[in-house]
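Here is a short walk through one structure. Keep the model in view as you read.

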Amino acid sequence: MSIKRQLQHIIKNSLPVDVEIDEIMIEIPKDRSNGDYSTNIAFLLTKRLKSNPLVIANNIKDKIVSEMIERVEASAPGFINIFLNKSFLLKSINKIIEKNKSYGSSDYGRNRKINIEYVSANPTGILHIGHGRGAVYGDNLSSIMAFAGFDITREYYINDAGNQMYNLGVSIKGRYKEQCGLSYEIPENGYHGSEIIDIATKIYDFYKDSKLNESVEFFKKEGLDILINEIKKDLDRFRVNFDVFTSEQSLYDRGLVDRTLDKLKNAGKCYIEDGALWLKTSDLYDEKDRVLVKKDGNYTYLLPDIAYHSDKFDRGFSGLIDVLGADHHGYINRIKTSLEFLGYDASKLDIRILQMVRLLRNGEEIKLSKRTGKTITLNELIDEVGVNAARYFFASKSLDTQMDFDLDLAVKNSNDNPVYYIEYANARITSIMRNYQGKILSDFSTIDNEIAYTIMNKLIEFEDVVIAAAQKGLPHLITNYLYDVAGLFHSYYASEKIITDDNVYTGQRIAFIKAIQIVMNNAARLIGIILRDEM
RNA sequence: GCGCCCAUAGCUCAAUUGGAUAGAGCGUUUGGCUACGGACCAAAAGGCUGUGGGUUCGACUCCUACUGGGCGCACCA
C-alpha cells in the first residue's frame with residue numbers, strides 16, 4: 001500500500017467521527033520542518049465538531065500512532081504534521097531492492113479495462129513533430145496507468161476511408177505522372193508533402209510507366225500501405241507502442257457504420273434538411289446540429305466516428321480516453337452527445353486535449369500546411385536530438401502548455417537537456433557498482449546523512465506519484481519526480497564517499513544507491529526513456 | 001461575434017488540482033576538480049503569479065469583469 005494510503009487509514013482511525021477515506025488529504029509540505037507528510041483534516045472537521053482547527057488538530061494528534069511514525073505535531077492554523085521514523089525509512093531500501101522492477105506499481109486501478117486512443121494521425125502523410133506530443137502523452141499515460149493497476153489497451157484509429165483517401169490517391173497519381181514525364185496537377189485539397197513524391201517514385205521505380213491507366217483507387221491503396229508502414233516504423237523508433245490498430249474501413253466492412261446510422265434514426269434523433277441527414281446534437285451538449293449523410297449520399301467523418309466509439313464501449317471497456325490536439329476540441333460535445341443518444345454513458349469517455357506545438361526554425365514560425373507540405377518530421381527531430389531528449393521534452397510539460405519548439409534551439413541545447421542530468425546520475429551509480437566487488441548489505445546502521453533520509457523519503461513516495469499521475473492524467477509528474485531523484489543523488493554523491501576501505505560502511509551504501517537506481521529506472525521506463533549506463 | 005485553452009524570474013517550464021516562506025533548468029555572478037565519472041556540487045541575484053474586484057481560516061489555483069495570445073466555429077477529418 002502506498003504511503004499516503006497507509007497514512008489515510010491511520011488518521012481515519014484516530015478521528016472522533018467517521019469520514020470517507022478520500023476526504024483525508026495527505027500532502028507533502030514544501031518545508032520539511034512541517035513534517036514529511038501533513039493533513040488538513042482538522043480544517044474540514046470544524047463544522048462537524050463545532051470547534052476551531054487548531055484545537056481539533058491537538059486533540060487528534062496523539063491518537064495518530066503507527067510504527068512508521070516518529071512523531072506528530074499540530075501546527076497553527078490547524079495542520080497536523082507527521083514525521084516518519086528513520087528505521088522505517090531505512091527498511092524501505094530493502095523493500096525497493098526486493099520488488100525491483102515492480103517497485104512503485106500498485107493495484108490502484110483494480111484491473112479496470114481502459115482504452116486509450118492516441119496519435120491516430122491520418123495516413124495521408126508521415127508523422128511530424130505535432131504528432132510527437134500526442135504520441136508521447138498517450139504512450140506515457142498508458143504505461144503509467146498500467147503500472148498503477150489498470151488494464152490498458154493502446155489503440156490507433158486509422159482513417160483509411162472517406163474522401164481524404166481519394167485525395168491521397170489523386171495526389172500520388174499526379175506525382176506518378178510527373179515521374180513519367182507527363183503533365184500533372186495536384187488538387188487544392190490534395191497532399192503536397194515530400195513523402196508523396198517519395199511514394200510516387202517508389203511506385204515508378206517498381207512499375208515504371210505501366211500503371212498510367214490505373215485508377216485513383218490503385219494509387220490510394222499503394223500509398224496507404226506505404227504510409228501506414230512508415231507511420232508504424234516511426235512510432236516504433238520513438239518507442240511508442242500500440243496493442244490495436246483499428247481501420248475505419250473495417251467498420252464499414254463489418255456493417256457497423258450503417259447499423260449505427262439505423263440506431264440513431266430509430267432513436268428519433270435524425271432529420272432531413274437541404275437534402276442532407278442531420279443529427280440533433282444540439283439537443284444535448286452541442287451548439288448546433290451536425291450532418292451525418294451529405295447531399296451526395298456520402299457519410300461525414302462523424303458517423304464512422306460514432307460507430308467506432310460505440311464499438312470501443314461494446315468491447316467491454318469501462319473507460320475510454322481519447323488524446324486529441326487542441327484544434328479538435330470542438331469535436332468533444334458532438335461525439336459525447338451522439339454516444340448518449342445511443343445509450344452510452346458519455347462521462348466514461350474522457351477526451352484529453354493537448355495544446356498545439358508551434359514549430360520554429362531559427363526563431364521563425366513554420367506554418368504547417370497541406371499546400372506546401374512544409375513541416376518538421378518526427379524522424380528529423382529524433383535524428384537531431386535522439387529519442388530520450390525528444391520524449392523528455394514533450395513529457396515534461398503539462399498538456400495545457402502551448403509549447404514553442406525550435407529545432408535549432410533544441411539541437412543547440414541538447415547537451416543541457418535534463419535527460420542528460422538524469423542519465424549522468426544513473427551512469428555514476430553504475431560506475432560505482434562496477435568498482436565495488438564486495439557484498440551488498442541489508443542493514444543500514446552506518447547510514448546517518450540528512451540527504452540520504454531526504455532521498456529515502458523521496459523513494460517511498462514513488463508509488464503515490466505514479467497513482468497521482470495515473471489518476472489525474474499528468475505524466476509530467478513522473479518527469480519532475482525523476483529529475484528530483486537524480487538531483488538528490490548528485491547532492492548525496494558530493495556529500496559523502498561511497499566506496500571506502502570499510503566493507504560495512506560501503507556495503508550498506510551500495511544497497512542504498514542500488515535502490516535509487518531501481519527507482520530512477522522504473523520512473524524512466526514509464527515515460528519511455530532508457531537510461532544509459534555510460535555517457 | 002460565440003466557444004475551449006493559456007498568461008508565473010530575462011528565456012523555457014513546475015508548483016502534489018484550495019495549503020504553510022511560489023520552485024527548477026538555461027542565462028548572469030561567486031566558490032569547489034589528489035572523492036567512486038566536474039555532463040557535477042555549494043551559494044547569490046532575479047517575482048505585486050497579466051490587471052481590477054470577489055469567495056474563506058487560507059488563492060498562482062475557484063468565481064467575475066477586463067487586457068493580451070493560441071485554437072476552433074464545414075454537407076473537411
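Helix 6 covers residues 129–147, 19 residues in total. Its expected span is 1.5 Å times one less than its number of residues. That gives 27 Å, and the end C-alpha atoms lie 27 Å apart, so the two agree. Of its 19 residues, 18 are buried (20 or more other C-beta atoms, placed from the backbone, within 10 Å of the residue's own). After helix 6 comes G149, with a positive phi near 95 degrees.

This is a predicted model: local features need pLDDT of at least 70, side-chain atom pairs count only at pLDDT 80 or more, and totals for chains, interfaces and linings use all residues. Residues are numbered from 1 along each chain as its sequence is written, while chains are lettered from A and ligands numbered from 1 in the order in which they are written. Helices (H or I, at least four residues) and strands (E, at least two) are DSSP runs, numbered from the N terminus.

Four strands form an open sheet in the order 1-2-4-3, with antiparallel pairing (strands pair if DSSP finds at least two bridges between them). Strand 1 (26–27) and strand 3 (69–75) are the edges, each pairing on one side only. Strand 3 runs antiparallel to strand 4 (residues 79–84), joined by six bridges. There, S75 stands opposite F79. Helix 4 (residues 53–61) packs on the sheet and touches strands 3 and 4 (contact means C-beta atoms, placed from the backbone, within 7 Å).

Terms used. A residue is buried if 20 or more other C-beta atoms lie within 10 Å of its own, exposed if 12 or fewer, and partly exposed in between; C-beta atoms are placed from the backbone. Two residues are in contact if their C-beta atoms, placed from the backbone, lie within 7 Å. Axes are lines fitted to C-alpha atoms, for helices over the stretch in contact, and angles run from 0 to 180 degrees between N-to-C directions.
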